[in-house]
Amino acid sequence: MTALLDVVDLHVSYGRVEAVRGVSLTMEAGRIVTVIGPNGAGKTTLLAALMGLLPSRGSVFHDGADMARLEVEDRVERGICLVPEARELFGDMSVADNLLLGAYRFRRERGFRSKLDDVYARFPRLADRRRQTAGTLSGGERQMLALGRALMMRPRLLMLDEPSLGLAPLIVREIFRIIAGLRELGVSILLVEQNARAALESADYAYVLETGEIGMHGPAAVLLHDARVTATYLGGSV
Ligand code: ATP
């Protein structure tokens, strides 16, 4: 079976500093794969390189196709979508307009508007606030809007950079429930997180990234109970 994403010996440097040092990982379609690791481990850099935003060495195959020569636009066209840490919403625009912008390239297609209804059905809080400007939303609602906008792009591979960042624990739980629920849409998710427990509880498979290298990997449920992962990333308690 061809993997949805196959990364082989990827290297990414900022000048002389190598932030990603020979990372290899594989994702099967329909799965949630998480990359956990501390501050500065290279998680954001890895996602930026996979999106084509940073030059890299090594190979990345999407659905068996070599992505080496693909620009960001080509990767978007293949259904690869990145929700960055900063969410990058249009603060002065309404929730509805932010969502519609996500689907701009489908605007002439039939069913364009019904996509919006699908997102509102999944995120009732966004439906209630459709005319409110994005800049006035709470942190959790902003993350929902970023996820909703990404879904408007009909992604096949959704890459999420620290969706829990800056959110209260209860909201983190809600966001991760939503992320786990995206599986039923057939969306594959590559989830980068510092919140190791929440990520491991939601994911199927996990990689631990430490100073640019994969330290260990395995089924998320196994890593959740691994002594070293527990001691280093889960505050010592299983
Ligand atoms: P965090 O969770 O804090 O965002 P991270 O795991 O996402 O961390 P990266 O942001 O990918 O880590 O950073 C990896 C390394 O690359 C760090 O040492 C960082 O200082 C360095 N780095 C990141 N961006 C740049 C840049 N634009 N120029 C130079 N070095 C950078």
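Let's start at the ligand. An N or O atom in the side chain of glutamate 162 sits 2.9 Å from an oxygen atom of the ligand. Keep in mind that this is a predicted model.

How much of the ligand does the protein bury? On its own, the ligand exposes 630 Å², and the protein buries 59% of that.

Two more side chains deserve a look. In asparagine 39, a polar side-chain atom lies 2.3 Å from an oxygen atom of the ligand. In threonine 45, an N or O atom of the side chain is 2.4 Å from an oxygen atom of the ligand. Each of these pairs counts as a polar contact because the cut-off for N or O atoms is 3.5 Å.

Now the whole shell. There are 13 residues around the ligand. Which come nearest? They are Asn39, Gly40, Lys43, Thr44 and Thr45. Sort the shell by class and you get four nonpolar, six polar and three charged residues. Which helix gives the most to this shell? Helix H1, residues 43–51, with three residues.

Next, the helix packing. Find helix H6, residues 139–152. We'll look at two partners.

Partner one is helix H3, residues 95–102. H3 and H6 pack at an angle of about 35 degrees. Their axes are 7 Å apart. Is the crossing left-handed or right-handed? For H3 and H6 it is right-handed. On the H3 side, the residues that meet H6 are Val95, Asn98, Leu99 and Gly102. On the H6 side, they are Leu145, Gly148, Arg149 and Met152. By class, this contact of H3 with H6 holds four nonpolar, three polar and one charged residues.

Partner two is helix H4, residues 112–122. Here the angle with H6 is about 145 degrees, and the axes are 10 Å apart. The crossing of H4 and H6 is right-handed. H4 brings Lys115, Leu116, Val119 and Arg122. H6 answers with Gly148, Leu151 and Met152. The classes for H4 with H6 are four nonpolar, one polar and two charged residues.

One last thing to find on the screen.

Technical notes: Residues numbered from 1 in each chain as written. Predicted model: local features only at pLDDT ≥ 70, side-chain atom pairs only at ≥ 80, totals over all residues. Heavy atoms only, no water. Near = heavy atom within 4 Å. Polar contact = N/O pair within 3.5 Å; in protein donor to acceptor, adjacent residues only side chain to side chain. Areas by Shrake-Rupley, 256 points an atom, 1.4 Å probe, with all protein chains shown as cover. Helix = DSSP H or I, 4+ residues; strand = E, 2+ residues; numbered from the N terminus. Nonpolar A, V, L, I, M, F, W, Y, C, P; charged D, E, K, R; others polar. Axes fitted to C-alpha atoms, helices over the stretch in contact; angles between N-to-C directions. Left-handed = near helix turned anticlockwise from the far one by under 90°. Contact = heavy atoms within 4.5 Å.
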